[in-house]
Amino acid sequence: MLFDFETLPARECYKLIVSTVVPRPVAWVVSQDAAGVLNAAPFSFFNAFTEDPVVIAIGCGPTPKGSTKDTLSNIKATGEFVVNLVSFDAAEQMNVTAIEFPPEVDEIAEAGLTPLASTKVKPPRIAESPVAMECVTFQLIPVGHHTIVLGRVIAMHVRDEAVLDPAKNYIDTPKLGLVGRMHGRGWYTKTTDRIEIPRLTPEEWAARKDK
């Protein structure tokens, strides 16, 4: 069935895209304003795009009332933030930080989370997260009523037991226990289910075709 995005209202396009582009990783963003008030919020319009430099992107839309979200306001004010990844064990606490609290409320405290000092940026990371990426603003791109936040990752923290070989930077990804965002308002999926499909060379593909 064809859905013409050039004629559909934005809300209908949103429903279609979040129901089909799944699972999506969740950026659990910690930021703070110029006065040091902390904010934590999850975003599922998120992914990594380059490795030199390492740049991640977060699509940050407005609040339901149409105002700018605290995360974007803080990033514009300070140029720093931390992207934490969400494990299954912390998923309920992540959901608490998605509540539309007023700007003066510290979502980390509300959710009973533990802030840990970052090494290169002022916003802290979340101790309950198995992965945290310290970021500085690379570029802000207005797109409709969203802003795409491009962040350059300048440091990463990974839970010790999920590091297979620190000298070779090998990570035991399943041990991170991460969740991904699915369709609808409250559906997520575990990332522990996986299949292996090895990449083929042209020669391997040719040999397979000959059989």
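Predicted model: local features only at pLDDT ≥ 70, side-chain atom pairs only at ≥ 80, totals over all residues.
Residues are numbered from 1 along each chain as its sequence is written, and side-chain values use heavy atoms, with hydrogens and water left out.

## Overall picture

The secondary structure of the protein chain comes to 6 helices and 14 strands, where helices (H or I, at least four residues) and strands (E, at least two) are DSSP runs numbered from the N terminus. Taken along the principal axes, the box filled by the C-alpha atoms is roughly 65 × 50 × 30 Å. Of the 211 residues, 37% count as buried; buried means under 20% relative accessible area, exposed means over 50%, and partly exposed lies in between, with a 1.4 Å probe and protein chains only. The accessible surface of the chain is about 13,200 Å², and 55% of this surface belongs to carbon and sulfur atoms; such areas come from the Shrake-Rupley method with a 1.4 Å probe, and for residues only the protein chains shown count as cover. Among the contacts with a separation of 6 or more, 59% are between residues 24 or more positions apart, a contact being heavy atoms within 4.5 Å.

## Strand pairing

Strand 2 (residues 27–32) and strand 3 run antiparallel and are joined by 6 bridges; two strands are said to pair if DSSP finds at least two bridges between them. Within this pair, Ala-27 stands opposite Phe-43 in strand 3. The two strands form a hairpin with 5 residues between them, and Gly-36 in the turn has a positive phi of about 95 degrees. Strand 3 (residues 38–43) is mostly covered, with 5 of its 6 residues buried.

A further group of 3 strands forms an open sheet in the order 1-13-14, with antiparallel pairing. Its edge strands are strand 1 and strand 14 (188–190), each of which pairs on one side only. Strand 13 (residues 179–181) and strand 14 are paired in the antiparallel sense over 3 bridges, and Arg-181 stands opposite Tyr-188 in strand 14.

## Surface and salt bridges

A nonpolar patch on the surface is formed by Met-1, Phe-3, Phe-5, Tyr-14, Ile-17, Val-21 and Phe-45, which together have about 730 Å² of accessible area. Patches are made of residues with over 30% relative accessible area and no salt bridge, with like charges joined within 9 Å and nonpolar side chains (Val, Leu, Ile, Met, Phe, Trp, Tyr) within 5 Å.

The structure holds 2 salt bridges, each defined as a side-chain nitrogen of Lys or Arg within 4 Å of a carboxyl oxygen of Asp or Glu. They are set out below.

| Salt bridge | Closest N and O atoms |
|---|---|
| Glu-12 and Lys-15 | 2.9 Å apart |
| Asp-172 and Lys-175 | 3.9 Å apart |

Glu-12 and Lys-15 are 3 residues apart in helix 1, which means that about one helical turn separates them. Glu-12 is partly exposed at 30% relative accessibility, and Lys-15 is partly exposed with a relative accessible area of 43%. Asp-172, by contrast, counts as buried at 19% relative accessibility.

## Local features

Ile-171 is found in strand 12 (residues 170–171) and is partly exposed at 33% relative accessibility. Leaving aside residues up to four places away in sequence, Ile-171 touches Val-158, Ala-162, Val-163, Leu-164 and Leu-176. Between Ile-171 and Asp-160, which are 11 residues apart in sequence, the C-alpha to C-alpha distance is 9.6 Å.

A cis peptide bond joins Val-22 and Pro-23, with omega about -15 degrees, and Pro-23 is found in the loop between helix 1 and strand 1. The peptide bond from Asp-52 to Pro-53 is also cis, with omega near 0 degrees, and Pro-53 lies in the loop between strand 4 (46–51) and strand 5 (54–60). Asn-169, a residue other than glycine, has a positive phi near 60 degrees; Asn-169 is found in the loop between strand 11 (163–165) and strand 12 and counts as exposed at 63% relative accessibility.
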